[in-house]
Amino acid sequence: MSTKGASADPLAALGELPGVAESVESVRKAVDRVYGHRIMRRRSNEITSEAALRGARGSAALSGADWALEEVRRRTDFGGDDGGRTVGAALRLTAEAGQLLSIWRQSPLRVLARLHLVAAADPDPRVGRPRQDGEGVDESLVELPLPDAAEVSGRLEGLSDLIIAGSSAPALVTAAVVHGELLALRPFVSHNGLVARAAQRIVLVGSGLDPKAICPAEVGHAELGRAAYIAALDGYVSGTPEGMAAWIAHCAKAVELGVRESTAVCEALQRGAA
């Protein structure tokens with residue numbers, strides 16, 4: 001998302017695109033419903049823990065490691081193959097995201113660097129900083145043209161400025177833009193999808209929309225499927241009002257599906273307590 005020549009609050013302007021207000025309202029109602037569930041009054045910590053596990057599984061699935069939930073739950077070794085490393089990275093990011101909420105609004109680039117360090121868990125000197133000229137990206141899911149290092153640097157700075165300045169835009173819109181921009185830029189040499197979805201989680205939680213982290217959008221993105229995810233991202237990258245609105249709507253649907261997942265967990269816990 002380029003901010004050059006844009007209004008003082010370009011994120012708020014996106015909130016005025018056709019259909020976006022309806023997506024925002026639908027998400028708000030869904031989130032309010034799950035937060036109002038009676039089991040949340042007594043067992044919210046359990047819902048949060050389960051949402052974290054399911055969210056990590058969903059994010060890993062989008063990055064090519066589509067493991068069954070129970071496999072993720074029972075495994076303790078995530079080192080061996082590519083799939084195990086991807087699942088391990090997703091689990092580490094989900095745990096780390098909650099520790100970075102207070103830093104995000106002051107230094108989003110520092111948070112993104114930390115997320116990449118946690119995901120990669122590798123002493124490679126390229127880890128934890130934006131890629132430089134000549135450095136490729138290991139990101140099989142997204143096959144869009146790769147922006148060069150200068151564009152990555154400029155757009156990351158622009159995104160950081162928007163976050164630090166604050167916006168009147170709904171949290172859903174800000175989260176969708178952060179997510180889409182990181183996927184489009186792929187600023188790191190690896191793990192960009194995982195980092196983008198973790199950053200989306202930070203925005204949704206830190207904004208107060210989902211303060212207990214019980215609405216795992218990653219679950220919804222995985223359920224909607226990789227093809228729909230990439231098609232919606234194409235809309236974001238196009239920069240057209242229709243494309244941007246379609247990406248925000250896709251992210252909204254993902255949050256709603258995450259809400260549905262946690263509602264089912266609430267219902268299961270309630271049946272067990274009855």
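**How do two helices sit?**

Are α7 and α8 parallel or oblique to each other? This is a predicted model, where local features need pLDDT of at least 70 and side-chain atom pairs count only at pLDDT 80 or more, while totals for chains, interfaces and linings use all residues. Residues are numbered from 1 along each chain as its sequence is written, and side-chain values use heavy atoms, leaving out hydrogens and water.

Two packed helices are described by the angle between their axes and the distance between the axes. Here, helix α7 (residues 108-120) and helix α8 (residues 149-165) have axes that come within 9 Å and cross at roughly 120°. That makes them oblique (under 35 degrees is roughly parallel, over 145 roughly antiparallel, 65 to 115 roughly perpendicular, and the rest oblique).

**Who touches whom**

From α7, Pro108, Leu109 and Leu112 meet Leu156, Glu157, Ser160, Ile163 and Ile164 of α8. Sorted by class, that contact has 6 nonpolar, 1 polar and 1 charged residues.

**A covered helix**

Now for α9 (residues 171-185): its 15 residues reach 21 Å from first C-alpha to last, close to the 21 Å expected at 1.5 Å a residue (that is, 1.5 Å times one less than the number of residues). Of its 15 residues, 15 are buried (under 20% relative accessible area; exposed is over 50%, partly exposed in between, with a 1.4 Å probe and protein chains only).

**A tucked-in arginine**

Arg201 belongs to helix α10 (residues 192-206). With 11% relative accessibility, Arg201 counts as buried. Leaving aside neighbours within four places in sequence, Arg201 is in contact (heavy atoms within 4.5 Å) with several residues, including Ala51, Thr94 and Glu218.

Conventions
Axes are lines fitted to C-alpha atoms, for helices over the stretch in contact, and angles run from 0 to 180 degrees between N-to-C directions. Helices (H or I, at least four residues) and strands (E, at least two) are DSSP runs, numbered from the N terminus. Ala, Val, Leu, Ile, Met, Phe, Trp, Tyr, Cys and Pro count as nonpolar, Asp, Glu, Lys and Arg as charged, and the others, Gly among them, as polar.
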